There are 2 protein chains.
Amino acid sequence: MRYEIRLAGSGGQGLILAGVILAEAAGLHEGKFVCQTQSYGPAARGGASMTEVVISDAEIDYPKALHPDVLLAMNQQSLEAYVVDLQPGGLLLVDATLVREIPDHHRVFAIPFTEIAREQVGQVMTANIVALGALALLTGAVTMESLKTAVLARVPPGTAELNQKALAAGVEAAKQLMKDVGEMAPQEEIEP
Amino acid sequence: MRYEIRLAGSGGQGLILAGVILAEAAGLHEGKFVCQTQSYGPAARGGASMTEVVISDAEIDYPKALHPDVLLAMNQQSLEAYVVDLQPGGLLLVDATLVREIPDHHRVFAIPFTEIAREQVGQVMTANIVALGALALLTGAVTMESLKTAVLARVPPGTAELNQKALAAGVEAAKQLMKDVGEMAPQEEIEP
């Protein structure tokens, strides 16, 4: 059982930190085999940022994502760059604040992570954590408890409360979306 | 030209951040192809932390280190776990504060990173940055300018001065060591 998650956006959106948190949630707190990769090449010079987290019950041979089960696209450019690799049945999760043109894909969820971070959490920099909360709820890739532990271990001193608020806001937004579309989330009953 | 660096130690030593910084120095500021990987498995549950940075002039097929050119071992356990994989001509860099038994290896440098961080920098948490300064000087894997830019982009707000001091202290310690052994460092003349 191999599960591939790709997080992509621009350099300032905290996606590498989000990847580290997700990898540690699964790897340190759930005992899974996890590889997390950041790759830099000519694309990185354009200010793009991308990280991949591969989670498995068994040892991981190839650490990079081949056909992600999940793509989190935090801006238009990253959506366009990476949506082609997504599994046909994979989940596309986009920041509706920054992604205006969403391609036709049968499992797409658009949540305004940046707007939620700015308006509800009060700190735009927490959009990555808002997105992680939604991603965990929608995919069940990690439990909310592991995720919360991993978030609190990694965020800067003094920002624990803010980041818990961000996580909860992401979960809430995803729950609301699930309700709207009539789907049952893997972790609907678990509070962060 | 493929260059592999492995950073290993315990969970609280900031090695993943050090890996992110090193990868960004080469990938964002020097235009190299870089893959940085963190892997978690049964070993991670024992509190061990390990990250690999592969730097290349060409696209990287396999993102993990096969036979590292450099191993930075920040504690005894990680030294013992990983020294066997090191290239025969590779560089072994150890934290002399925490590593007591150094194996027989023809290119080994022992610098008390933790002690320098605590005594000279005044903050033990900066041992990872002290080590990065020494590693860059001893290997020339990244320039001091790229490294400094990458450090300042990643460390917590308000700690820029502290981390610059840590970087400089690591460079200075490595220079002193080179002088003692009569070797010429790749970046001896470059100030951080």
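Start with both chains in view: 100% of the interface residues of chain A are also interface residues in chain B, so the copies meet through the same surface. Keep in mind on this tour that the model is predicted.

**Stop 1: the two copies**

Two copies of a chain are related by a rotation about an axis and a shift along it.

**Stop 2: a pair of rings**

Next, select Tyr62 in both chains. How many aromatic pairs does the structure hold over all chains? There is one, and you now have it selected: Tyr62(A) with Tyr62(B). The ring centres of Tyr62(A) and Tyr62(B) are 6.3 Å apart and the planes stand at 55°, so the pair is tilted. This pair crosses between chains. On one side, Tyr62(A) sits in the loop between strand S3 (48–56) and strand S4 (70–73) of chain A; on the other, Tyr62(B) sits in the loop between strand S3 (48–56) and strand S4 (70–73) of chain B.

**Stop 3**

Now move to chain A and select residues 113–121, which form helix H3, together with residues 127–139, which form helix H4. The axes of H3(A) and H4(A) come within 8 Å and cross at roughly 110°. H3(A) and H4(A) are therefore roughly perpendicular to each other, and their crossing is right-handed.

Show the side chains to see who meets whom. From H3(A), Phe113(A), Thr114(A), Ile116(A), Ala117(A) and Val121(A) meet Ala127(A), Val130(A), Ala131(A) and Ala134(A) of H4(A). The residues of this contact comprise eight nonpolar, one polar and no charged.

**Stop 3: helices H4 and H5**

The crossing of H4(A) and H5(A) is right-handed.

For the contact itself, select Ile129(A), Leu132(A), Gly133(A), Ala136(A) and Leu137(A) in H4(A), which meet Met144(A), Leu147(A) and Val151(A) in H5(A). Seven of the residues in this contact are nonpolar, one is polar and none is charged.

Technical notes
Residues numbered from 1 in each chain as written. Chains lettered and ligands numbered in written order. Predicted model: local features only at pLDDT ≥ 70, side-chain atom pairs only at ≥ 80, totals over all residues. Heavy atoms only, no water. Axes fitted to C-alpha atoms, helices over the stretch in contact; angles between N-to-C directions. Helix = DSSP H or I, 4+ residues; strand = E, 2+ residues; numbered from the N terminus. Left-handed = near helix turned anticlockwise from the far one by under 90°. Contact = heavy atoms within 4.5 Å. Nonpolar A, V, L, I, M, F, W, Y, C, P; charged D, E, K, R; others polar. Phe/Tyr/Trp six-rings, centres within 6.5 Å; stacked < 30°, edge-to-face > 60°. Parallel < 35°, antiparallel > 145°, perpendicular 65-115°, else oblique.
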